[in-house]
Amino acid sequence: MIDLFKGELLRFRLWALVAAVINLVALAFLSRMVDLAQQPLQVYQVFCVVYAVAGALLGLYQMGSYRKPNQWLNLLHRPLHRLRIAGALTAAGVVVLLVAVALPIALVAVYQESLTPRVVDMRHWLLPIAAWLIAVSGYLAGAYAMVGDRRYAFTGFLLPNLFMYSQASGVAMLGVHVVAIAFLVVLLAIAFKPDPAAPSRNPLAVLAVALPVQVGAYFLAWMLGYGVELGWTVSGTHPLGMPVPPKGGYIEADRAEGKDMLLLGIDASRSPEAALWREQVALSDVHTRYPLRNLPVRNTLTNPAPMEFDDGENSVRWVFSHDRMRFVGYGTLDKRARGELGVGETRAAFPAPTLQYAAGFLFNANAAYQYDAGQQRIFERIRLPRGEVMASPPEPAGDNVLVLSDRAAYFYPGREAVNGLDLLQPLLRVPMPGPCRPLQPDGRDRTAGWLPGLVYLHLGRVERGAAAAVPATGAGG
């Protein structure tokens with residue numbers, strides 16, 4: 001077994017070194033241009049796809065070279081158990097991917113930690129492991145596709161594809177990778193036999209082989225749904241292609257402007273002031289807010305957006321550190337460390353990972369903050385009640401500032417937000433009738449207050465409604 005393992009390493013040593021050099025050069029070049037540790041999720045997904053495809057190609061080529069009938073029989077007719085032969089081959093492939101994928105990423109992390117002022121947290125040291133596991137999952141899927149029954153073995157590629165739909169983060173995501181790899185190892189062990197096309201007699205083995213096939217069936221049904229939509233598009237009956245979308249549907253709500261949605265909500269209102277609202281909608285400004293898709297989570301391997309902001313007056317870039325739960329600064333010109341930045345005068349740690357948003361605000365799941373360049377400090381400006389989560393960070397809405405949580409909409413005085421640095425108190429709280437995640441809120445500032453309209457988007461239908469006008473002293477636009 002050891003000799004077979006060494007032979008496979010010698011066989012692919014040149015490939016491993018060339019791939020490692022190419023990976024290292026690409027990462028080093030990109031790290032000179034940008035901070036790879038602070039890139040958005042889409043950048044990491046591109047790298048993951050590249051590593052998974054590279055692993056799959058290695059698995060297809062390695063097992064494909066042995067899959068020819070004569071070579072396959074010669075491989076298995078050794079004084080070794082078939083699983084030990086499979087273990088020697090796959091162990092060599094795993095080591096090749098360790099050198100080609102994980103080692104260059106670790107070297108770039110060492111470079112950023114030791115030779116630059118950039119932030120390298122513990123979560124970043126897990127990135128080489130995550131990339132390696134993703135490449136190994138692609139490798140095992142390719143090996144199983146080549147060794148297993150050609151009629152269904154390709155469904156093994158669906159298991160690495162499930163990583164994109166996982167809700168796990170951080171170390172838990174590594175656990176998802178390990179589970180998928182363990183399952184692919186079981187599939188490869190079942191298929192690695194003298195006659196791979198022969199069905200297994202073990203009920204558990206049959207069940208293990210059938211599971212990815214079942215996932216493939218659901219995936220096929222999902223793809224057929226796209227085919228149906230393509231047929232609608234060709235025939236001109238798809239709602240997306242209609243000049244006038246169906247009434248009460250998602251497409252109508254997606255195309256409609258804020259004023260149109262408010263009018264649709266007012267049409268269903270029985271309030272005696274509905275006629276007055278309808279007249280004022282055309283004369284007032286309408287402000288539309290959409291909830292965030294996700295929030296940053298501590299120690300997650302990736303970022304929803306770059307967790308940094310620049311102080312142009314002092315030529316400092318502040319980068320959020322998950323380990324310190326504070327911003328760490330370095331000069332944009334001299335690249336020297338500039339200390340840490342917390343909340344308030346005490347520079348306290350943030351309660352959750354914090355990133356920048358529009359209008360100069362920083363936010364996390366619990367609160368919103370503002371950075372004062374003159375004092376080089378961050379002040380807490382908005383604090384949500386306990387149990388509520390930020391759905392849309394502060395943005396100007398008329399003369400006020402609008403904040404959405406998962407339970408309510410809050411209006412804060414815009415003048416105090418601009419002229420001060422104290423904690424703001426809400427002028428108005430409008431409770432949400434339901435969870436805010438699929439919500440499209442529209443608000444019109446009236447002379448006596450605000451008229452909020454809430455649009456909940458569901459699959460196949462839209463529930464519309466306009467809340468009653470809420471008189472709020474001082475809250476008018």
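**Close-up views of a predicted model**

**View 1. Glutamine 376 lies in the loop between strand 8 and strand 9 (377–383).** Strands (E, at least two residues) and helices (H or I, at least four) are DSSP runs numbered from the N terminus. The model is predicted: local features require pLDDT of at least 70 and side-chain atom pairs pLDDT 80 or more, whereas totals for chains, interfaces and linings use all residues. Residues are numbered from 1 along each chain as its sequence is written, and side-chain values use heavy atoms, with hydrogens and water left out. The phi of glutamine 376 is near 55°, a positive value in a residue other than glycine. Most residues other than glycine have a negative phi. With a relative accessible area of 28%, glutamine 376 is partly exposed; buried means under 20%, exposed over 50%, and partly exposed in between (1.4 Å probe, protein chains only).

**View 2. Serine 315 occupies the loop between strand 2 (308–311) and strand 3 (316–321).** Although serine 315 is not a glycine, its phi is positive, at about 55°. Its relative accessibility of 24% makes serine 315 partly exposed.

**View 3. Helix 1 (residues 2–33) bends by about 50° at phenylalanine 12.** The bend is the angle between axes fitted to the seven residues ending at a residue and the seven starting there. Helix 1 has 32 residues and reaches 43 Å from its first C-alpha to its last, close to the expected 46 Å, where the expected span is 1.5 Å times one less than the number of residues. Its buried residues include Leu4, Glu8, Phe12 and Ala16. The buried residues of helix 1 pack against helix 2 (41–66) and helix 4 (82–115), contact being defined as heavy atoms within 4.5 Å.

**View 4. The structure holds 14 aromatic pairs.** The rings of phenylalanine 12 and tryptophan 15 have centres 5.7 Å apart and planes at 75°, so this pair is edge-to-face. Rings of Phe, Tyr and Trp (its six-membered ring) pair if their centres lie within 6.5 Å; planes under 30 degrees apart count as stacked, over 60 as edge-to-face and the rest as tilted. Phenylalanine 12 is buried at 3% relative accessibility, whereas tryptophan 15 is partly exposed at 46%.

**View 5. Phenylalanine 350 and tyrosine 369 form an edge-to-face aromatic pair, 5.0 Å centre to centre with 85° between the planes.** Phenylalanine 350 lies in the loop between strand 5 (337–341) and strand 6 (355–356) and tyrosine 369 in strand 8 (residues 367–372), so the pair ties together parts 19 residues apart in sequence. Both residues are buried. One aromatic cluster is formed by Phe309, Phe320, Phe327, Phe350, Tyr369 and Tyr371.
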